[in-house]
Each structure stands twice: as C-alpha cells, then as structure tokens.
Amino acid sequence: RAAFAWHVWKLLLLYLLYLIATWILDTILSFLPGAAGDAISSMVFVTQIYIFIRLVVTVPALVSEECGPFQAVARSWQLTRRAGWRIVGVSVVFAMLLIIGSMILSVVMQFAFGDVSKWWNDFLTRDQLTLTWLMGSLPGFLRAAAAEMSITLLILYALLPIFGTVLYYDLRTRHDGPLMYVEEDHA
C-alpha cells in the first residue's frame, strides 16, 4: 500500500504520457490517405494490444515488490515474456465470466430497481412523449439507473484488481518458482 501511495503519481504520469503519445500517433495517422492509413492504424492497434498484455501486471508488481514505476514496468515486461497467449486466454475467460455475472446481476437489479426497465418500456412504447411525463418520470428513472449502475460497477469492477493480482502471482510463480517467505529472527 505504501509503495502504491508513494508511486501512484508516477504511474499516472506514465499513463498520461502513453495517452499523449497515442493521441499524437492517431493524429498523424489521420492524415494518411485511405488504405495506407487504415493498414498502419490496424498495426498500431495490434501493437497497443501487445503492449497492454505485456504491462498488465505493472501495478501488482509495483505494490507487491515495492519498486518504482519504471522497475514495475520492467518487471511486468519480464514476467509476461512468453506468456502472451496464456494471458489472452485467461483474460477472455475472465471477461466472459464478467459478462455472465453482469447479466445475472442485471436480472437481480431489475427486481430491486424495477423503475428502470418500466421507464424504458414506457419511453419506447408511448404514443406521444410529453414534457410533463418526461419531467415527472425522469428523476426517478435517473436515481434508479444510477443506483443500479453503481452497485453493478462496485461488484463487478472490484474484481479487476483481484484478477490482475492473481495473474501477477501466477506469472511470478511460473517465472521465479514457488514463493517462499522466510521469517526473520529478531534475536
């Protein structure tokens, strides 16, 4: 926790630099004509996916190994070497589980916040939309929709850092061998 708090601004700066570089590259590619621009854009997209896969365990490495952000990036690059397809496969399975979980959670949320589906049904089947109906029904709909989305996001997206951490320890164990903790003798 201390390592993350100490280096979080550096991680955010790295992410900001990545966003700026991506924006500049996209701007340059937008000036390329037709098929050439599309081909290069596709290659850049594939490269971004590759980089994401290689850097997926950067934050867990930073926190677990209490290193700086540049060392965490290097460590993530080291741990994910030759594990790309494994990471993609595990990520696809995790994404499918998230989708199934969100569908189940959506059904549960419809029972708890039925106003959302009722409002959408009224909105889509109404012969005539009036400002009076909209102003009267919209606040309740927005409250119910915000509550439903907040609960869903809190439950499902809290699993993302857990997934990253479990993936990190799996890759670390495969790369470095079983983790061993040695108790220090305080004599």
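Predicted model: local features only at pLDDT ≥ 70, side-chain atom pairs only at ≥ 80, totals over all residues.

I began with Arg 86, which is partly exposed with a relative accessible area of 36% (buried is under 20%, exposed over 50%, partly exposed in between, with a 1.4 Å probe and protein chains only).

Residues are numbered from 1 along each chain as its sequence is written, and side-chain values use heavy atoms, with hydrogens and water left out.

**Entry: salt bridges**

I searched the whole structure and got 4 salt bridges (a side-chain nitrogen of Lys or Arg within 4 Å of a carboxyl oxygen of Asp or Glu).

Which residue does Arg 86 pair with? Its partner is Asp 170, with the closest N and O atoms 3.3 Å apart. Arg 86 sits in helix α5 and Asp 170 in helix α8 (residues 159–176), so this pair links parts 84 residues apart in sequence. My helices are DSSP runs (H or I, at least four residues), numbered from the N terminus.

Asp 170 is partly exposed at 23% relative accessibility. I found that Asp 170 also forms a salt bridge with Arg 174, at 3.0 Å from N to O. Those two are 4 residues apart in helix α8, about one helical turn. Arg 174 counts as exposed, at 54%.

Next I checked Glu 65 and Arg 75, whose side chains form a salt bridge at 2.8 Å, N to O. Glu 65 is in helix α3 and Arg 75 in helix α4 (residues 69–79), so the pair ties together parts 10 residues apart in sequence. Is Arg 75 buried or exposed? Arg 75 is buried, at 11% relative accessible area, whereas Glu 65 is partly exposed at 28%. Their C-alpha atoms are 9.4 Å apart.

I also listed what Glu 65 touches beyond four places in sequence: Pro 60, Arg 75, Tyr 168 and Arg 172 (contact means heavy atoms within 4.5 Å).

**Entry: helix packing**

I then looked at α5 (residues 84–112) against α7 (residues 131–156): they pack at about 145°, axes 11 Å apart. Axes are lines fitted to C-alpha atoms over the stretch in contact, and angles run from 0 to 180 degrees between N-to-C directions. Among the residues meeting there are Leu 98, Gly 101 and Leu 105 in α5, and Ile 151 and Ile 155 in α7.

Last, I looked up Leu 16 in helix α1 (residues 2–30). Leu 16 counts as partly exposed, at 45% relative accessibility.
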